[in-house]
Amino acid sequence: MSVTIERSEWMRAPRRVATGRVLGAFGDVHGHLDQLNGLLDAFDEELDQLAPDDATIIGLGDVNDRGPHSIGCVDRLRRGLATESASLVSLRGNHEDKMLSCMETDDSDDWQGWLYWGGSSVLDELGCEATAASLSAAVGGDRDAWLRGQPIKLQIGQYYFAHAGIHPDEPLEKQTAKHLMWIRQPFLSSPGPFDQNVCVIHGHTPRMVPDWTHLNRINLDSGVYQTGLLSGLLLVEDRMRVIQVRGPALFQEYE
């Protein structure tokens, strides 16, 4: 599958990153391996030109479900970036959380919820049955350990990374896993500022284009399973650039 890469002009960033350091992030992948490969390659190209002392690229979760290559995307992220000075961190989203639950239980509510939100594509990819034992065996121990080792948040300076966002009325140390992986309101309607004056970089709520209009949060979920567009962000000192990889949308039945 062919993809195209689009880069915005450099813009003023909402918070400053320390000199010599580069931060990056990207939104929900949902099993779209071609877009993920294109975006990680684009990050490597940018880092090669910037030559930072150190760089951290953060995936905001929801690697799996809906698209055809969820496990392929997991394996790609496990390999990391080509740039030696860069680390790649993948946060846990609500879709990983649901899949991990189904690897532990045959409870019908857990399974119905996961399958309804696109988990059936993972079963198709793995060729396994809709049982905890079959799914766990097909995923395998190494991937299981990687998925369970995903953090649910990461703070670097005044940037705070979480899949869904934070509860605006709670300090950062009081944020729960449910807030970080599942919240929409009241986070999305809150203008901030948030605790410690952080800017929250998140996904979870799809938009046709990334939302960087707020001073205190940036949404990078561009609904790749509906739009074919995977969005990333690069932060360098007091500036930022949006990088997007566009391919065909493969699944459109989800809201």
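This is a predicted model: local features need pLDDT of at least 70, side-chain atom pairs count only at pLDDT 80 or more; totals for chains, interfaces and linings use all residues.
Modeller: Contact here means heavy atoms within 4.5 Å.

Biologist: Okay, α5, residues 132–139: which of its residues are called buried?

Modeller: Ala132, Leu135 and Val139. The label needs under 20% relative accessible area, and these residues of α5 are the ones that count as buried.

Biologist: And how do you know that they line one face of the helix?

Modeller: Look down the axis of α5: the buried residues fall within an arc of 75°, so they line one face.

Biologist: What covers the buried residues of α5?

Modeller: The cover includes α3, α4 and α6 (141–148). Just after α5 comes Gly140, with a positive phi of about 90°.

Biologist: Now the largest pocket. Which residues lie nearest its centre?

Modeller: Arg66, Asn94, His95, Trp117 and Arg184, out of a lining of 17 residues. The volume is about 220 Å³.

Biologist: What makes a residue part of the lining?

Modeller: An atom within 4 Å of a grid point of the pocket. α3 (94–102) and α4 (108–126) each supply at least two such residues, and α3 gives the most, with 3.

Biologist: How do the lining residues divide into nonpolar, polar and charged?

Modeller: There are 5 nonpolar, 4 polar and 8 charged. Arg counts as charged, so Arg66 and Arg184 belong to that charged group.

Definitions and conventions:
Residues are numbered from 1 along each chain as its sequence is written. Side-chain values use heavy atoms; hydrogens and water are left out. On a 1 Å grid over the protein atoms alone, a cavity is a set of points where a 1.4 Å probe fits but cannot get out, and a pocket is an open set with protein on both sides within 12 Å along at least five of seven lines; lining residues have an atom within 4 Å of a point. Grid points are joined across faces, edges and corners, and a volume is the space filled by probe spheres set on the points. Helices (H or I, at least four residues) and strands (E, at least two) are DSSP runs, numbered from the N terminus. Buried means under 20% relative accessible area, exposed over 50%, partly exposed in between (1.4 Å probe, protein chains only). The arc is that of the directions from the helix axis to the C-beta atoms.
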